[in-house]
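Please keep the structure in view while reading.

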Amino acid sequence: MSSVGIVSLGCSKNLADSEVMAGLLLKAGHTLAPTPDRADVILVNTCAFIEPARAEAAENILAACAHKAAGHCRAVVVAGCMPQRYREQMLEAFPEVDALLGVDELDRLPEVLKALSKRRRGALPVTVAPGLPTRTFDKPIPALRLTGPVFAYMKIAEGCNHACAFCAIPLFRGRLRSRPVDALLGEARALIETGCREINLVAQDVTAYGKDRRDGSSLAGLLRELDALEGDFWLRWLYGFHNHVTDELLEVMAGARHVVPYFDLPIQHCATDILRAMRRADTIKAIESFPARLRAAVPGATLRTTCMVGFPGETEDHFKALLDYVQAVRFDRLGAFVFSPEEGTAAADLPGLPPPEVAQRRHRELMETQARIARELDRARVGSRGRALVVDYRGEDGAVARLPHQAPEVDGLTRIAHVPDAVKPGDFVEVRVTGRRGYDLTAALA
């Protein structure tokens, strides 16, 4: 048996896949190395969404191969989006890699490791199924998490039925495939029973959950079932489409015990011409009304969004409309990125691409605008009280926590001073916000 070091790159959905593979390894009798440089086998789970992600994957693959060449491990396995999307190119670019695993082949990892231990020198077990992926995976060890003891990501669906002009994900992740409610309830119970205090539901489009099934499943129904589970925990869902937020979903969230009032709904843009070019015309009607609708239906709602600048055809007027919209809505959280043409997508060859320096300037202006809004919103929180989840305890330096409006890894933290030794990660505490430090808040126990 081998010790395996996992390098998980990209998004939280990829991390959920890494947890599936980690569980399979443990059930097969392998061990997980504390760090990749102390492993017999290095597993790199890759992202292929945009060029910077592919560059990061290549850098990690080459580092793992160099580690092997120096005699510090015996095999390198590469999994996930890169092999799925670029199988042939990877065989040529990374000849030192010992095996490739596609998106549908996660459960073949133990078999691959067995084959590697017996293979002839130079024989490469490639296990990337042809065509689009069609499967989903349940965790063999439901409570296993690579995020630490306090919170977890739970992938509720795989693939995407949208055809956004800029996005290549459906080309290598396939169409929407929702996991059964019973499997998700079982995973959630196991997480809660082992001390997890926040479950974050993730998918390419969480709000599309159940649309592919014939049993009436929906995000609203799933949240209702999860909210009925016993325990003290938070539920949060991440990444959906604002035009898919139903009245039933709002009703469930407004009355839930465990679901935090947090909406992660990327708009990408607000200009009608650009949304049509992005093949997101079905979101146009919802653009104006959804912020007020959500805030009215769910008291204390936090709105997070993502915008894209520099899309082909974007003019200064389009960009000004986006800036005006962002200033009017005042999103609690906003991320932005510059359009990057992706091979195989409808937008890859569209005319009218703004010059790189223009796109970068628009990105900078948008983020500066949002930074001002975020400062004003955070100042308004000073003196407010709320329930925070402790994620780290640092003795004399206090504790690090998150309030309901702070999603893990993307929204900043709340730093609590003068916390008793009895407080530990996983505890909920009442706090009073005292100030702001960068994108983090400072607080005291209430």
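**The cysteine loop and a sheet**

Cysteine 164 lies in the loop between E8 and H5; helices (H or I, at least four residues) and strands (E, at least two) are DSSP runs, numbered from the N terminus. The model is predicted, so local features need pLDDT of at least 70 and side-chain atom pairs count only at pLDDT 80 or more, while totals for chains, interfaces and linings use all residues. Residues are numbered from 1 along each chain as its sequence is written, and side-chain values use heavy atoms, leaving out hydrogens and water.

**Cysteines**

- Cysteine 164 is buried, with a relative accessible area of 12%; buried means under 20%, exposed over 50%, and partly exposed in between (1.4 Å probe, protein chains only).
- Not counting residues up to four places away in sequence, cysteine 164 touches Phe241, Met278, Arg279 and Arg280, where contact means heavy atoms within 4.5 Å.
- Cysteine 160 is found in the loop between strand E8 (157-158) and helix H5 (169-173).
- At 12% relative accessibility, cysteine 160 also counts as buried.
- Beyond its neighbours within four places in sequence, cysteine 160 is in contact with Pro170, Gly174, Arg175, Leu176 and Gln204.

**Sheet**

- Three strands form an open sheet in the order E12-E13-E14, with parallel pairing; two strands pair if DSSP finds at least two bridges between them.
- Strands E12 (262-264) and E14 (333-338) stand at the edges, each with a single partner strand, so one side of each has no neighbour in the sheet.
- Strand E13 (residues 302-309) pairs with E14 over 6 bridges in the parallel sense.
- Methionine 308 stands opposite phenylalanine 337 in E14.
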